[in-house]
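Here are some friendly notes to read alongside the model. Please keep the viewer open as you go through the points.

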Amino acid sequence: MTLAKINPTETQAWQKLSAHYNTIKNHHLFNLFNDDKNRANTFLKELKGLFIDYSKQNINTETVDLLIQLAEETKLEDAIKQMFSGALINETEKRAVLHTALRDFDAKEILVNGENIIPAIKDTRAKIKLFTESVLTGKITGCTNKKITDVVNIGIGGSHLGPQFVLDALKHYKTEINTHFVSNIDGDHVQEVLKNLNPETTLFIIVSKSFGTEETLTNATTIRNWFIAKQSKTAVSKHFVAVSANIEKAVAFGIEASNIFPMWDWVGGRYSLWSAVGLVISLGLGYHNFEALLQGAYTMDKHFKKTAFDQNIPVILGLISIWNINFYNRNSEAVIPYTQYLDFLPDFLQQMIMESNGKSVDRNGEKINYHTSPIIWGSTGTNAQHAFFQALHQGTMTVPADFILFAKDHYKQPLHQDKLIANALAQSQALAFGTKGKNTDVFKTFEGNRPSNTLLFESLNPQNLGILMALYEHKTFVQGIIWNIYSFDQFGVELGKVVSGEIQNTQATKDYQNLDNATALLLKKINNFL
Ligand code: F6P
């Protein structure tokens, strides 16, 4: 089984959508709402307490029908089946894509190359649970028998962003363990984290699927040397564990085999927090909360797998994004959560979406002539309102936005929460309708007609966060399939790694001849500072 390789622009649906765009593009959201008093209900979906309002998009029911036709013509249904069943849909790397198996609490068998992966997933979850409980109860201690108080996750990209996002988002559920992250190869970053830590009570988790990432290995080496200088070499095994798909390399680095939590090549780095990469989540929030997060994602998985496209939330959101990008030429999307807890969401989504779908060659190996991944960015409301919202309201570019809201706050402060919610709703309303129908000064005119989705949950808990994260994962998948690209490789990050190696060699030899003259000049200037 392989993915279909259909150029979306050659489908009948694409032609119809192009014609349809020419008729709908002159319909202002203000008029669409005025003409249809039931519009909000027509474009609303619900799943287990999550409400998705996409009525403030430049669509009508015909748009949605045609977009669904596009999904059908590009064989999305078959692609979803292939992903969930373990087909090697990451064809360029000859791998299955099974992050969904990590949160499937019912499956007895999912085969990858003839091997059932479910037992290994269950064993690993049990290992995470046991380890978490042993650390939290003090059964596992540091080398001087003191309880572990701090955990440092050493990893980058998918081995960092997901766990940090979840721990920030759910800090209300925190255990007594303090969690820290070292990701950047910037040595100052490492030192700033280490300076407040006691090696006797700190556990380090080296997280690297490949165990070959320069940043992670450099940071892990610096931290191990710091640890040995303060404690001893023999104490390393009590303070360093690893999560990796490359057991050999982790062992060669000096991690005891029994201290290595497995990962597998059928889990992409940016989709890996559901695996043992989430060990730091389990330690920081408790295993039960880690499992609740997985359960939430599983809820979304079942919905995505089984629901007809016209009711399927990730499918609808993926298609609307395609509508904005490929027909309206809106190539950037803002994500605006109205809770400070989700401050890190744009960073997390940037890797998930842009590393997956930032491609310009299709599954036939042909250069493509339509846009793929949007630029993802954003920040929390209301802060963002006092920063970049000016451009969203009156700038020359139209940026579709996702507003993410939680009806209830954790600390039950209506004085704040009512204002927070009012602000969120006000922004999507002002973007959509502007000052249309009002007499305004030219400088104070808001054209409106700027689209957004509103995602509303009752509250921010592990389950709902899992639902939200899996929603964006599947939305990304939908778009990759329709754009006819491979979403699960990331060759675009490799060239920079090679060039960095060459520059490092140049720094050692001071022979700048093979460098372009701008880089050579900058290096000389840098050396003059040293
Ligand atoms: O360089 C990109 C990347 O491969 C990401 O896809 C991945 O999440 C990150 O590096 C870290 O990789 P690893 O877990 O193998 O250290």
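1. In what order do the six strands of the open sheet run? The order is 1-2-13-12-10-11, with mixed pairing. Strands here are DSSP runs (E, at least two residues) and helices are runs of H or I of at least four residues, both numbered from the N terminus; two strands pair if DSSP finds at least two bridges between them. From one strand to the next, the twist averages 20 degrees.

2. A word on the source before going further. This is a predicted model, in which local features need pLDDT of at least 70 and side-chain atom pairs count only at pLDDT 80 or more, while totals for chains, interfaces and linings use all residues. Residues are numbered from 1 along each chain as its sequence is written, and side-chain values use heavy atoms, leaving out hydrogens and water.

3. Strand 10 (residues 332–337) pairs with strand 11 in the parallel sense, over four bridges, and Ser332 has Ile375 of strand 11 as its bridge partner. Helix 17 (residues 414–433) lies across strand 12 (401–406) and strand 13 (452–457), at about 160 degrees to strand 12. Such angles run from 0 to 180 degrees between N-to-C directions, with axes fitted to C-alpha atoms, for helices over the stretch in contact.

4. The other open sheet to look at has five strands in the order 6-5-7-8-9, paired in parallel. Its edges are strand 6 (178–182) and strand 9, each with a single partner strand, so one side of each lacks a neighbour in the sheet. Strand 7 and strand 8 are joined by four bridges, and Phe204 has Phe240 in strand 8 as its bridge partner. Helix 6 packs on this sheet, touching strand 7, strand 8 and strand 9. Helix 8 (residues 187–194) lies across strand 5 (150–154), strand 6 and strand 7.

5. Just after the helix, Gly138 has a positive phi of about 90 degrees.

6. Which residues have the most contacts inside the largest nonpolar core? They are Phe165, Val166, Trp266, Leu342, Leu465 and Phe477, in a core of 119 residues. A nonpolar core is a set of buried Ala, Val, Leu, Ile, Met, Phe, Trp, Tyr and Cys residues joined through side-chain atoms within 4.5 Å. Helix 18 (residues 462–482) gives the most to this core, with 11 residues. A second, separate core has 22 residues, including Ile154 and Trp226.

7. Finally, the domains, whose bounds come from an automatic or database domain assignment. The chain divides into domain 1 (8–73 + 308–482), domain 2 (117–289) and domain 3 (491–529). The centres of domain 1 and domain 2, taken over C-alpha atoms, are 35 Å apart. Their contact (heavy atoms within 4.5 Å) takes 20 residues from domain 1 and 19 residues from domain 2.

Note on methods:
Buried < 20%, exposed > 50% of the residue type's maximum accessible area, 1.4 Å probe, protein only.
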